[in-house]
Amino acid sequence: MIADDVLLRYGEEAGGGVDLALWRNQLLPIFAQKCQSCHLPGGSARIDLSTYSTWALRRTAIKQRVVDRLPTPMPPVTAGKLDEKELASISSWVMRGR
């Protein structure tokens, strides 16, 4: 499915405007590198974060676990540490929705 010249996954809700564009351009690559090994459908974390809508629904939890690093930090050490730019991108995106 194509919306506004952007390919969407089937089942992914359209909409989100700038927030969705930022997620696709900045956070989706981070997800692919650091998160998808556990957070795809059926993954070991049992929390699917493979779409914009699932990130948007869990924005507060993502801030807590990834940005604030409480109660246990994400991503886990085995997945690799977020660099400053990646952490800033996630922090900026989660704060947009508050």
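The side chains of Glu-86 and Lys-34 meet in a salt bridge, with 2.9 Å from N to O, and because Glu-86 lies in helix 4 (residues 84-96) while Lys-34 lies in helix 1, the pair ties together parts that are 52 residues apart in sequence. This is a predicted model, and the structure holds 4 salt bridges. The count of aromatic pairs comes to 5, and the largest pocket holds about 390 Å³ of space.

**Salt bridges**

- Side chains of opposite charge can pair when their charged atoms come close.
- In the pair that opens this briefing, Glu-86 has a relative accessibility of 10% and therefore counts as buried, the limit being under 20%, and Lys-34, at 11% relative accessibility, counts as buried as well.
- A salt bridge also joins the side chains of Arg-59 and Asp-19, where the distance from N to O is 2.7 Å; this pair links distant parts of the chain, with Arg-59 in helix 3 (residues 59-67) and Asp-19 in helix 1 (residues 17-39), 40 residues apart.
- Both partners of that bridge, Arg-59 and Asp-19, are buried, and the two residues belong, together with Arg-96, to a network of salt bridges.
- Lys-63 and Asp-68 likewise meet through their side chains in a salt bridge of 2.9 Å, N to O; here Lys-63 is buried, with a relative accessible area of 15%, whereas Asp-68, at 36% relative accessibility, counts as partly exposed.

**Aromatic pairs and the charge over a ring**

- One aromatic cluster is formed by Trp-23, Phe-31, Tyr-52, Trp-55 and Trp-93.
- Within the count of 5 aromatic pairs, the rings of Trp-23 and Tyr-52 have their centres 6.1 Å apart and their planes at 70°, so the pair is edge-to-face.
- Because Trp-23 lies in helix 1 and Tyr-52 in helix 2 (residues 52-57), this pair ties together parts that are 29 residues apart in sequence, and both Trp-23 and Tyr-52 are buried.
- The rings of Trp-23 and Trp-55 have their centres 6.2 Å apart and their planes at 65°, and since planes over 60 degrees apart count as edge-to-face, this pair is edge-to-face.
- The pair of Trp-23 in helix 1 and Trp-55 in helix 2 links distant parts of the chain, 32 residues apart; Trp-23 counts as buried at 2% relative accessibility, and Trp-55 counts as buried at 3%.
- Arg-59, which takes part in the network of salt bridges with Asp-19 and Arg-96, lies over the face of Trp-93, at 3.8 Å from the ring centre, and Trp-93 is itself a member of the aromatic cluster.

**The largest pocket**

- Rolling a probe the size of a water molecule over the atoms shows where empty space is left.
- About 390 Å³ of space lies in the largest pocket, which is lined by 21 residues, those closest to its centre being His-39, Leu-49, Arg-65, Val-66 and Met-74.
- The elements that give two or more residues to the lining of this pocket are helix 1 and helix 3, and the largest share of the lining, 5 residues, comes from helix 1.
- Sorted by class, the lining of the largest pocket has 15 nonpolar, 3 polar and 3 charged residues.

Note on methods. Residues are numbered from 1 along each chain as its sequence is written. This is a predicted model: local features need pLDDT of at least 70, side-chain atom pairs count only at pLDDT 80 or more; totals for chains, interfaces and linings use all residues. Side-chain values use heavy atoms; hydrogens and water are left out. Helices (H or I, at least four residues) and strands (E, at least two) are DSSP runs, numbered from the N terminus. Buried means under 20% relative accessible area, exposed over 50%, partly exposed in between (1.4 Å probe, protein chains only). Rings of Phe, Tyr and Trp (its six-membered ring) pair if their centres lie within 6.5 Å; planes under 30 degrees apart count as stacked, over 60 as edge-to-face and the rest as tilted. A charge sits over a ring if NZ of Lys or CZ of Arg is within 6 Å of the ring centre and within 35 degrees of the ring normal. On a 1 Å grid over the protein atoms alone, a cavity is a set of points where a 1.4 Å probe fits but cannot get out, and a pocket is an open set with protein on both sides within 12 Å along at least five of seven lines; lining residues have an atom within 4 Å of a point. Grid points are joined across faces, edges and corners, and a volume is the space filled by probe spheres set on the points. Ala, Val, Leu, Ile, Met, Phe, Trp, Tyr, Cys and Pro count as nonpolar, Asp, Glu, Lys and Arg as charged, and the others, Gly among them, as polar.
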